[in-house]
Amino acid sequence: MATARAAEGPRTDAVTLRLAVGLLLFAPLSLLGNEIGAVFRYPEIGAAVLFPPYAILAAFLILSSPRDWVWYILLGAAAHFASHWPRWSMSWVLAADIANISRAATAAWLVKWRLGTRPRFENAGALLQFLAIGVVIAPAVGATIGAANVLAHGQGTFGHAWVAWFLSNAITGLTILPALTLCLQGDCRRAATRGRVLEAALLAIALVSTYGVAALLNGESAWRPALGLYAPIPILIWAALRFGVAGTSMALTVVTIGAIVAADRGIGPFQLASLDESILIVQLFVVLTSVPILCLASISAGRRAIVALHRGILASLHDQVAILDGRGLIIEVNDSWRREADLPAAEPVHRAHVGDSYREICRSVAERGSATAARLSAGLAGALSRASYHFETEYDLGEHCARYMICVESLAIPGGGAFVRRSDVTAHHEARMEAEEQRRQLSHLARVASLGQLSGALAHELNQPLASIGSNAEAAILLLNRPELDASEIAAILRDIVSENQRAAEVIRRLRAMLKRGETRLMPLDVEELVSEVLELAHAELITRRVKPIAIVPPGTSPVIGDRVQLQQVLLNLILNANEAMALVPASERKLVVLATQPADDSIQLSIRDSGPGIPPALMDRLFEPFVTTKSEGLGLGLSISRTIVAAHGGRLWAENNSDRGTTVHCLLRSAPGIAHDQRQRERRAGHERTPIVERTRTPIPAPLGGTSSAMSAAPPT
Amino acid sequence: MTPDTASPSESLRIAIVDDEQLVRVGLRRYCCALGMTAVAYAGGKELLDALSSAAAPPDCLLLDAHMPDMTGLDVQQQLRRVAAPFPTIVYSADDEPEARERYLAAGAAEYLRKPITGDDLVAAITRALGRSR
């Protein structure tokens with residue numbers, strides 16, 4: 001660019017050099033513009049038909065710093081004088097120069113204010129503002145001074161002169177000013193590829209030819225006006241669609257000069273009674289043609305910029321992206337998608353190109369038995385019909401193969417459509433699996449540690465049936481030695497032995513289940529059974545600590561969704577914590593309540609309340625962090641792991657101190673409301689009597705434990 | 001709870017206190033098979049109620065240490081307070097070495113670790129009765 005926006009601040013050598021270059025370019029352009037202006041003018045009032053010096057001065061002022069304006073204005077005035085004096089009187093030239101400077105400065109100041117120091121016309125709004133300033137306001141200012149000058153020199157009426165001056169500068173503002181403003185910013189240079197230069201040359205030849213042919217035709221020929229008036233239109237539209245505002249305004253400049261020359265020589269279509277009238281018609285033709293053509297150019301340039309941005313965004317995406325229309329046809333893909341689709345070994349569901357129906361591809365692959373394609377097909381159908389706005393699924397292409405995630409978003413455009421994004425999530429998936437495996441291992445270790453903590457109690461649990469079996473068997477031996485055999489008593493003994501044997505086996509089964517490392521298996525679990533089994537495991541430990549648990553599971557409670565062993569691990573951990581928390585409380589005040597409530601149809605809340613001393617406020621916020629413990633023994637991993645397990649179940653675990661005493665830990669889990677609790681068949685252990693540990697209640701569900709005026713909570717339920 | 005009673009025809013009366021039904025039934029059966037009279041109670045409270053209602057005191061008591069509500073130690077303390085005239089044999093699954101000392105210090109005549117064999121039980125009863133006489 002020839003002139004640059006000068007930095008506000010001390011003038012540097014670079015800024016001075018830029019000014020010098022700008023002035024060097026400005027001087028010849030200004031001289032040439034004045035000569036052109038001098039050639040085409042109204043013979044009577046002397047106003048130019050087209051006055052390039054206005055556009056040249058205005059463009060340089062727009063693109064330079066106001067503190068440099070004085071140099072351009074002085075140089076422009078010198079060029080003006082050189083061209084017009086002494087042909088015209090000093091006062092005339094001076095007044096005409098003042099008119100030009102006022103016009104150009106008005107245009108430059110308003111453009112800088114409204115559109116900044118580097119105006120672009122890639123939207124119609126900016127272009128229309130530019131035209132309002134450069135074609136209406138500034139020429140009106142100049143026309144007023146110019147018409148006053150004409151009037152002062154007694155060369156015509158004010159109105160006639162004002163219209164002539166105004167139109168001449170309006171045309172200049174429509175044609176040369178946008179072209180020069182954009183070219184000086186380097187637009188033409190940036191766009192100059194070989195193909196574009198060739199195309200521009202062809203366009204220029206076509207444009208000049210229309211006037212050439214028109215000039216060669218016989219003056220009587222009906223073709224002449226048609227060629228002069230209409231032939232340039234398609235060429236201008238070509239320029240508008242392909243060369244933006246800069247190219248179009250250059251083409252308009254050529255058309256304007258052609259029309260003026262033709263009118264001047266009497267060879268164009270604009271031959272009316274007087275030259276003044278002919279010139280007026282030429283000016284109106286240019287004004288009426290230029291505005292829509294320039295708007296078209298601006299809209300087209302804006303559209304090209306949006307398309308380029310859109311393509312740029314798509315190309316920069318690492319993910320594979322395809323855009324579908326409302327019927328599911330692929331209308332656009334990015335390079336990443338195209339590369340995958342072009343691979344010789346591409347999966348059938350990935351082999352989709354622009355123009356293909358992605359919906360059809362998924363459907364046909366699904367028909368061949370691909371579950372992934374079936375899911376995708378359903379997701380696509382939902383997005384295209386706008387039944388759902390987002391669908392995503394993960395799939396892999398076989399064992400040890402890449403894993404992909406595909407997202408389908410419904411496009412909110414007329415006619416509908418979808419945005420399909422596919423990403424390779426193999427690394428992410430492997431990391432997730434590894435984290436999951438580590439979590440499982442840690443969770444298993446914690447489970448083993450819990451059972452280790454219970455080892456004494458568990459030995460007791462096993463000793464009970466063994467003791468019973470032992471004494472029953474010895475009683476039977478003694479009875480068998482008696483002379484009279486009491487068969488019914490011996491049968492009763494054997495039944496009890498069998499029952500106790502089952503009980504011992506049950507203890508071992510539960511232990512094995514807890515000790516085993518298994519896959520997570522989510523299923524609906526009976527809440528009462530779940531709580532009951534955990535309390536059975538902790539039974540001996542609770543008795544040792546003289547804690548009598550109360551479990552309340554209201555009738556009709558829906559099953560909870562979860563992995564049996566993992567949820568038992570959480571409950572066992574919470575129950576043992578509560579049990580230990582009450583160690584220093586007198587035995588008669590030790591209360592452990594396990595309450596199941598159903599806050600919503602799809603959730604179950606298990607609350608474990610103790611009557612211990614409560615959790616110290618300083619510890620409450622960190623309670624679920626690893627290695628945080630209130631106990632002298634233990635790693636402090638139990639609650640942290642419990643929360644991880646509950647979170648993996650889509651639930652929440654939090655604690656709060658009760659308003660009276662102790663702590664309640666709440667565990668919110670998903671439930672399976674469709675399955676009626678009472679209809680489910682539960683295995684019931686029979687044969688030995690024990691204090692009922694789970695009681696059903698028909699009383700209203702109590703208020704959330706400790707929830708009414710709890711002093712603090714580790715993570716409030718939100 | 002109604003105590004499980006055995007044949008009253010034998011001379012030696014044994015009381016059994018255990019919260020586990022099958023354990024106390026097993027012990028009662030064994031004692032009965034040995035020719036004793038055995039009465040089983042589901043908890044310390046039931047035993048103390050029976051003693052206070054002027055039922056004939058047993059010759060020997062078999063007492064489970066681990067019970068809810070009243071533990072074996074609680075029952076021993078209560079018996080000491082009323083100066084019960086019979087020896088107590090405490091049994092539990094505790095494998096801590098100090099468990100035996102704890103119960104003996106509380107007044108138990110004998111301590112047995114579960115599971116109890118018939119021979120151990122007979123020997124313990126014999127020792128306890130011999131000492132009390």
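How many helices and strands make up the secondary structure of chain B? In this predicted model, chain B contains 5 helices and 6 strands. Read from the N terminus, these elements follow the order β-β-α-β-α-β-α-β-α-β-α. Chain B has 133 residues, of which 52% count as buried.

Helix H2 of chain B spans residues 44-52, and its buried residues are B:Gly44, B:Leu47, B:Leu48 and B:Leu51. These residues lie on the same side of H2(B), because the arc they cover around the axis is only 95 degrees. An α-helix has 3.6 residues a turn, so residues three or four places apart point the same way. The buried residues of H2(B) are covered by elements of chain B that include strand E2 (13-17), strand E3 (37-41) and helix H3 (72-81).

In chain A, the largest nonpolar core comprises 77 residues, and A:Ala58, A:Ala59 and A:Ala251 have the most contacts inside it. Among the helices of chain A that each supply at least two residues of this core are H1 (13-39), H2, H4 (90-115), H5 (124-152) and H6 (158-184). Helices H8 (194-216), H10 (232-265) and H11 (275-316) of chain A likewise each supply at least two. The greatest contribution to this core comes from H10(A), with 17 residues. Leaving aside residues up to four places away in sequence, A:Ala59 touches A:Leu177, A:Leu180, A:Thr181 and A:Leu184. Another core, of 50 residues, lies apart from this one and includes A:Val534, A:Leu574, A:Leu576 and A:Met582.

The loop between helix H2 (52-62) and helix H3 (69-84) of chain A contains A:Asp68. With 23 other C-beta atoms within 10 Å, A:Asp68 is buried, the threshold for burial being 20 or more. A:Asp68 and A:Thr16 are 52 residues apart along the chain, and their C-alpha atoms are separated by 9.7 Å.

Chain A also has an open sheet of 5 strands, arranged in the order E2-E1-E5-E4-E3 with antiparallel pairing. From one strand to the next, the twist averages 20 degrees. Within this chain, strand E4 (residues 403-410) and strand E5 (residues 417-424) pair in the antiparallel sense over 7 bridges, and A:Ser410 stands opposite A:Ala418 in E5(A). Helix H14 of chain A (residues 371-384) lies across E3, E4 and E5 of chain A and runs at about 165 degrees to E3(A).

The contact between the two chains involves 26 residues from chain A and 21 residues from chain B. On the side of chain A that touches chain B, helices H16 (455-480), H17 (487-515) and H18 (527-544) of chain A each provide at least two residues. H16(A) gives the most to this side, with 14 residues. By residue class, the side of chain A that touches chain B consists of 9 nonpolar, 11 polar and 6 charged residues.

Notes. Residues are numbered from 1 along each chain as its sequence is written. Chains are lettered from A and ligands numbered from 1 in the order in which they are written. This is a predicted model: local features need pLDDT of at least 70, side-chain atom pairs count only at pLDDT 80 or more; totals for chains, interfaces and linings use all residues. Two residues are in contact if their C-beta atoms, placed from the backbone, lie within 7 Å. Helices (H or I, at least four residues) and strands (E, at least two) are DSSP runs, numbered from the N terminus. Ala, Val, Leu, Ile, Met, Phe, Trp, Tyr, Cys and Pro count as nonpolar, Asp, Glu, Lys and Arg as charged, and the others, Gly among them, as polar. A residue is buried if 20 or more other C-beta atoms lie within 10 Å of its own, exposed if 12 or fewer, and partly exposed in between; C-beta atoms are placed from the backbone. The arc is that of the directions from the helix axis to the C-beta atoms. Two strands pair if DSSP finds at least two bridges between them. Axes are lines fitted to C-alpha atoms, for helices over the stretch in contact, and angles run from 0 to 180 degrees between N-to-C directions. A nonpolar core is a set of buried Ala, Val, Leu, Ile, Met, Phe, Trp, Tyr and Cys residues joined through C-beta atoms within 7 Å.
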